[in-house]
Amino acid sequence: MVLAIIWYFPNRGTPFEIGCKYYFGKNVPVNYGKAKNYFKKSADTGFAPAQYNLGIMYLNNQGVEKNVQTAISYFMLASDQNYTNAQVQLGNLYFNGKELPKNLDRALSFYKSACKNGSQDACNMVKHIEEKIK
């Protein structure tokens, strides 16, 4: 009984874990504003998953005003730590050319990094782009 009560309280855990609770609505209502604040605390310590999540929030206008440049800045911080999801996201942004100018060389660079980190989807994109630019 005590465990169930402790689990319910949203402010238990690391700032990243609390941010995830608010972002996904785990035992609390979804609250992007609170999620952003907790992710920011965690991101400021250099935690790549929190930096990536903030990038997603800025890219998708979730609890913050949409800001592609801020999103890219957070993705770059996470990518510099070899965080695969951020590398794939940056590759996608440069490949699709919707949020920023299309740049296959930049996309390829990020996809290659993600491929080295084990992303099969990124490896597939490397092959696709290399065939396209030959």
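The model is a predicted one, in which local features need pLDDT of at least 70 and side-chain atom pairs count only at pLDDT 80 or more, while totals for chains, interfaces and linings use all residues. Residues are numbered from 1 along each chain as its sequence is written, and side-chain values use heavy atoms, with hydrogens and water left out.

Because 12 of the 13 residues are buried, H4 is largely enclosed by the rest of the structure. Just beyond the end of H4, Asn61 adopts a positive phi of about 60°.

Turning to the whole chain, the protein contains eight helices and zero strands, where helices (H or I, at least four residues) and strands (E, at least two) are DSSP runs numbered from the N terminus. Along the principal axes, the C-alpha atoms fill a box of roughly 60 × 30 × 25 Å. Of the 134 residues, 42% count as buried. Among contacts (heavy atoms within 4.5 Å) with a separation of 6 or more, 35% join residues 24 or more positions apart. The accessible surface amounts to about 7800 Å², and carbon and sulfur atoms account for 52% of it; these areas come from the Shrake-Rupley method with a 1.4 Å probe, and for residues only the protein chains shown count as cover.

The interior comes next. A nonpolar core is a set of buried Ala, Val, Leu, Ile, Met, Phe, Trp, Tyr and Cys residues joined through side-chain atoms within 4.5 Å. The largest such core holds 41 residues, and Phe39, Phe75, Tyr111 and Ile129 have the most contacts inside it. At least two residues of this core come from each of H2, H3, H4, H5, H6, H7 and H8, with H4 supplying the largest share, eight residues. Once neighbours within four places in sequence are set aside, Tyr111 is in contact with Val88, Gly91, Asn92, Phe95, Ala122, Met125, Val126 and Ile129. Ser79, located in helix H5, is buried at 8% relative accessible area. Not counting residues up to four places away in sequence, Ser79 touches Ala86, Gln87, Leu90 and Phe110.

Side chains of opposite charge can pair when their charged atoms come close. With a salt bridge taken as a side-chain nitrogen of Lys or Arg within 4 Å of a carboxyl oxygen of Asp or Glu, a search of the whole structure finds three. One joins Asp44 to Lys40, with the closest N and O atoms 2.8 Å apart; Asp44 is exposed at 53% relative accessibility, whereas Lys40 is partly exposed at 31%. Another is formed by the side chains of Lys66 and Glu99, at 3.1 Å from N to O. Lys66 lies in the loop between H4 and H5 and Glu99 in the loop between H6 and helix H7 (104-116), so this pair ties together parts that are 33 residues apart in sequence. Both partners are partly exposed, Lys66 at 39% and Glu99 at 34%. Lys112 and Glu130 also form a salt bridge, their closest N and O atoms being 3.5 Å apart. This pair links distant parts of the chain, with Lys112 in helix H7 and Glu130 in helix H8 (residues 120-133), 18 residues apart. Lys112 has a relative accessible area of 36% and Glu130 one of 29%, and each is partly exposed.

Finally, the cysteines. Defining a disulfide as a pair of cysteine sulfur atoms within 2.5 Å gives a count of one. The partners are Cys115 and Cys123, with sulfur atoms 1.9 Å apart. The torsion about their S-S bond is about 95°, so the disulfide is right-handed. Cys115 is partly exposed at 24% relative accessible area, and Cys123 is partly exposed at 21%. Cys20, by contrast, is buried, with a relative accessible area of 17%.

Notes. Buried < 20%, exposed > 50% of the residue type's maximum accessible area, 1.4 Å probe, protein only.
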